[in-house]
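Have the viewer open as you read along.

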Amino acid sequence: MTAAPAHQADEDAGWVDLHEQGRPQRLEYRWLSPQRRGAPLLVFLHEGLGSVSMWKDWPQQVCEAAGCRGLVYSRHGYGRSTPLAAGEKRAADFMHREAEEVLPELLAALGVDAGRDRPVLFGHSDGGSIALLYAARHPAAVAGVVVAAPHIFVEARTVDHIRLARQAYQEGGLRERLARHHDDVDSAFRGWNDIWLDPGFAQWDLRTRLPAIACPVLAMQGIDDEYGTLAQIRGIRDAAPQTQLLEIPDCRHSPHKDQPATVIQAIAGFIGALDPPGRH
C-alpha cells in the first residue's frame with residue numbers, strides 16, 4: 001500500500017488518498033483539538049456501521065476530559081470515504097488488513113510518527129478488534145488501547161443479532177437512519193453484514209494474536225450487550241493479563257452511547273495513568 005499526501009477541506013478535516021492492493025481509496029478524517037501539540041493522540045476506530053459523523057460530538061468530549069488531541073476517520077466503505085465497488089465483498093481477514101496495513105499508512109500520510117507519538121487507540125465493536133490487532137502487530141507504536149464491546153471470536157449471539165439487523169435494514173427504518181451518515185449506505189451495510197453472516201467467517205478468531213500486545217489495555221463491555229457475551233473482554237484479559245476490565249451495568253452494545261459519562265471518566269483516567277510519548 002502507498003499513500004498520497006492529505007487533501008484538506010478545511011483546517012481540521014479533509015480526505016487522505018491511500019492505495020490498497022493497487023486500488024485507490026479516499027478516506028475522510030477530522031482532527032480534534034489539534035492545537036494541543038505534544039498532548040496524547042487518541043485515535044477513534046468506529047464500529048461496523050460507523051463513520052465520522054456517527055460519532056457526533058462524543059470524541060470531542062473525550063478529548064476535553066482527557067486533555068488530549070484526537071483523530072476520527074471513516075474506513076473504506078463508510079461515511080464519505082470511498083465505497084466498496086459494486087458487488088464487492090469483504091474478505092475474512094478485513095480487520096487484520098485494516099490494522100496491519102491501512103491504519104499505519106493512514107497515520108503516516110497524516111504526518112503521525114507512530115513510533116514517536118505512540119497514539120492511544122479507542123475502538124468500538126469491529127473498531128475494537130482492529131485496535132487490538134494493531135497493538136499486537138505494532139507493539140512499539142501504541143501507548144495504550146481502549147476497546148468497547150470488541151469481538152475476539154464469533155459467538156452465536158453476535159450472528160443472531162446481525163441477522164436481525166439485516167431484517168431491520170430490509171424491512172424497518174434502519175436503512176433510512178444510516179443513509180444520513182453514509183454516501184453509499186448499501187456499501188456500508190452490506191460490507192459489514194455480509195461477511196459476518198458468511199458461514200466461512202464462523203472460524204474467525206484473533207485470540208492467538210493477543211499475547212503479543214505489550215501496552216496497557218482497558219476493555220469495557222455492557223452487561224446487556226446484545227452482540228456479545230462478557231467472554232469477549234474476559235478473553236482479552238486471559239491472553240493479555242495487563243488488561244483492566246470494566247463491565248458496565250444497564251448498558252448494551254454501545255457503551256459510549258448508553259453510559260457516556262462512565263466511559264469518558266474511564267478513558268480519561270486510563271490515559272492520565274499512561275507514560276507520556278517518549279518515556280518508554
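## A covered strand and its neighbours

In this predicted model, strand S8 (residues 217-222) is mostly covered, with six of its six residues buried. Buried here means under 20% relative accessible area with a 1.4 Å probe, counting protein chains only; strands are DSSP runs of E of at least two residues, and helices are runs of H or I of at least four, numbered from the N terminus. Cover comes on both faces of S8: Val 217, Ala 219 and Gln 221 are buried on one side, and Leu 218, Met 220 and Gly 222 on the other.

| Partner of S8 | Bridges | Direction | Residues standing opposite |
|---|---|---|---|
| S7 (residues 144-148) | four | parallel | Ala 148 and Met 220 |
| S9 (residues 243-248) | six | parallel | Val 217 and Thr 243 |

Stepping back, the protein has ten helices and nine strands. Its radius of gyration over C-alpha atoms is 17 Å, close to the 19 Å from the globule rule (2.2 Å times the number of residues to the power 0.38) for 280 residues, so the protein is as compact as a globular protein of that length. The C-alpha atoms fill a box of roughly 50 × 40 × 30 Å along the principal axes. Buried residues make up 55% of the 280.

Residues are numbered from 1 along each chain as its sequence is written. Local features need pLDDT of at least 70, side-chain atom pairs count only at pLDDT 80 or more, totals for chains, interfaces and linings use all residues, and side-chain values use heavy atoms, leaving out hydrogens and water.

How values were computed: Buried means under 20% relative accessible area, exposed over 50%, partly exposed in between (1.4 Å probe, protein chains only). Two strands pair if DSSP finds at least two bridges between them.
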